Amino acid sequence: MVDEKRPLRSRQWYGGNSKSAFMHRSWMKNQGMPDDAFDGRPIIGICNTWSEMTPCNAHLRGLAERVKFGVYEAGGFPVEFPVLSPSESQTRPTAMLYRNLAAMDVEESIRCYPIDGIVLMAGCDKTTPALVMGAASCDIPTILVSGGPMLNGVVKGERVGSGTAVFRWVEELKAGTMTESDFLAAEAGHSRSAGSCMTMGTASTMAAMVEALGLGLFQNAAIPAVDARRNQLAQLAGRRIVDLVREDVKMSRILTREAFENAIRVNAAIGGSTNAVLHLIAIARRIGVDLTLDDWDRLGRSVPTIVDLMPSGRFLMEDFYYAGGLPAVMRALAEHDLLHRDALCVAGRTVGEQVADAEVWSREVIREWSNPLRAEGGIAVLRGNLAPRGAVLKPSAASPELFKHRGRAVVFSSIEDYHARINDPDLDVDERSILVLQNCGPKGYPGMAEVGNMGLPKKLLEKGVRDMIRISDARMSGTAYGTVILHVAPEAAEGGPLAFVRTGDWIEVDIDARRLHLDVNADELARRAAGFTPQVPPISSGYQHIYRTHVEQADLGCDFDFANMSRELSLQRVSH
């Protein structure tokens with residue numbers, strides 16, 4: 001219900017005839033704003049990660065104009081502002097290093113500006129969680145508009161997925177089964193339109209998480225970036241945010257415990273990225289919801305992967321949209337009592353109402369529940385003496401024959417060490433070995449780069465080997481695939497057991513039993529740990545010092561400790 005007596009937050013800047021109100025209004029008028037722009041209508045911030053250095057988001061400038069149309073139509077006053085835009089494809093050493101900085105940018109922008117509601121504009125991997133994290137710390141009415149995926153990649157008549165295909169091509173080039181000219185010619189067809197990766201990588205996964213959480217409008221996840229319906233969604237979001245302000249529907253009304261549980265199950269059904277684990281835990285902690293790795297394992301374990309998309313399957317996001325998109329998947333979950341139907345969406349309806357009429361138009365892309373791509377989707381959380389606080393694996397992208405495996409460790413102390421030795425013909429490695437990468441976690445890299453899906457040794461690729469177990473404290477791209485165990489916590493640079501693995505040690509992996517065991521006794525591990533000194537690269541900036549000093553481990557979402565220093569602090573809301 002609209003509370004006509006509740007004063008808008010922006011009135012503290014623009015209301016009345018004080019000197020500061022005069023100044024705030026006057027300087028805004030140098031842009032040609034009319035007097036009645038400040039007559040009490042809701043001021044809507046449009047927080048935009050548009051950047052030409054973030055190719056996935058380079059079209060968001062135009063999409064923001066559609067949001068503005070909608071805000072004006074609903075009687076609001078839109079104001080657009082930029083924030084940091086970490087680019088997964090362009091940022092070094094890794095965009096994850098800057099997710100938290102972007103979240104701080106968003107939070108402080110919301111706190112300092114006279115806005116009553118916010119539309120978040122995101123696309124590339126880290127921009128979506130960064131914007132939601134920052135806004136969650138402020139708890140004002142919020143909608144997120146995703147930029148949408150690229151059109152299907154096509155190379156020589158073959159449907160190819162951005163990100164996913166390049167991993168295969170690189171290995172084929174190394175193995176000598178693809179020519180360099182064909183490799184270079186594939187670039188144009190690999191990313192052929194505006195938008196983010198069209199595989200079920202991290203960008204598409206996080207767009208789906210936004211929709212599953214109820215923070216995005218119907219079909220937010222899958223409408224292609226260049227489809228006219230993406231513009232329509234943006235305009236409708238502009239209208240709807242004005243209503244949310246008038247109804248005082250804050251983000252905490254949307255991001256409830258039930259909403260996060262819905263999102264975890266959706267992630268399992270779509271074969272979503274392992275990166276979603278980090279991001280949803282970080283968002284949940286910002287909004288005051290206690291979400292853990294155990295929740296990810298428990299809630300996702302009984303959910304089949306029914307979406308046949310790369311990197312787990314065959315199709316791409318454009319196909320997914322035409323097949324019915326995320327609403328069709330969520331309806332299937334609801335029909336099997338795996339969805340909290342009463343969770344609220346920003347559209348003003350419950351989740352159950354939102355997806356009740358969704359239909360499936362292709363049973364190749366969105367499979368029958370009885371004919372899943374993988375019988376058990378979700379994220380597997382492994383524990384043991386090698387990962388006391390947990391490690392994650394995406395079963396739908398792994399090789400079933402490696403689900404239970406015992407192998408000899410081949411250890412790389414850093415990503416530089418890996419690059420220097422992986423293709424050495426004398427490297428003592430075979431197809432049963434387990435590749436172990438150290439010092440690539442949140443503090444060790446720093447930033448926890450997407451290097452966990454290590455490419456296989458050239459001599460094994462030439463023999464036809466295409467998958468091996470790989471273990472690290474790093475992340476991997478959501479577009480990647482393979483039997484890759486990630487996010488080992490504590491990380492090596494923090495003195496976790498991963499730091500003390502040596503080449504030749506035996507490691508046991510049992511994915512079904514959720515077990516990750518280093519076959520070295522406790523006394524020997526203690527001996528190796530004596531006098532431990534972290535192996536970390538030198539700090540190259542003030543921000544990197546802040547990051548390494550304050551970043552938390554992967555099981556806590558890799559947020560800064562001061563962002564969640566206490567529940568009281570993390571729950572402070574923007575009220576003035």
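The structure is a predicted model, in which local features need pLDDT of at least 70 and side-chain atom pairs count only at pLDDT 80 or more, while totals for chains, interfaces and linings use all residues. Residues are numbered from 1 along each chain as its sequence is written, and side-chain values use heavy atoms, with hydrogens and water left out.

**Arg230**

- Arg230 lies in helix H9, residues 228–247; helices (H or I, at least four residues) and strands (E, at least two) are DSSP runs, numbered from the N terminus.
- Arg230 is buried and has no salt bridge. Buried means under 20% relative accessible area, exposed over 50% and partly exposed in between, with a 1.4 Å probe and protein chains only. A salt bridge is a side-chain nitrogen of Lys or Arg within 4 Å of a carboxyl oxygen of Asp or Glu.
- The nearest side chain of opposite charge is that of Glu211, 7.3 Å away from Arg230; Lys and Arg count as positive and Asp and Glu as negative, while His and the chain ends are not counted.
- The backbone oxygen of Ile223 is reached by the side chain of Arg230 at 2.6 Å.
- Not counting residues up to four places away in sequence, Arg230 touches residues including Leu63, Ser146, Pro149, Gln219 and Ile223; contact means heavy atoms within 4.5 Å.

**Thr202**

- Thr202 is found in helix H8, residues 202–213, and is buried, with a relative accessible area of 1%.
- The side chains of Thr202 and Asn275 make a polar contact at 2.8 Å. A polar contact is a pair of N or O atoms within 3.5 Å; within protein, one must be able to donate a hydrogen and the other to accept it, and residues adjacent in sequence count only if both atoms are side-chain atoms.
- The side chain of Thr202 also reaches the backbone nitrogen of Gly478, at 3.4 Å.

**Aromatic pairs**

- Rings of Phe, Tyr and Trp (its six-membered ring) pair if their centres lie within 6.5 Å; planes under 30 degrees apart count as stacked, over 60 as edge-to-face and the rest as tilted. By this rule the count comes to eleven aromatic pairs.
- Tyr98 and Tyr543 form a stacked pair, 5.8 Å centre to centre with 20° between the planes. This pair links distant parts of the chain, 445 residues apart: Tyr98 is in the loop between strand S2 (77–82) and helix H4 (99–112), and Tyr543 is in helix H20 (residues 542–550).
- Phe412 and Tyr418 form an edge-to-face pair, 5.4 Å centre to centre with 85° between the planes, and both are buried.
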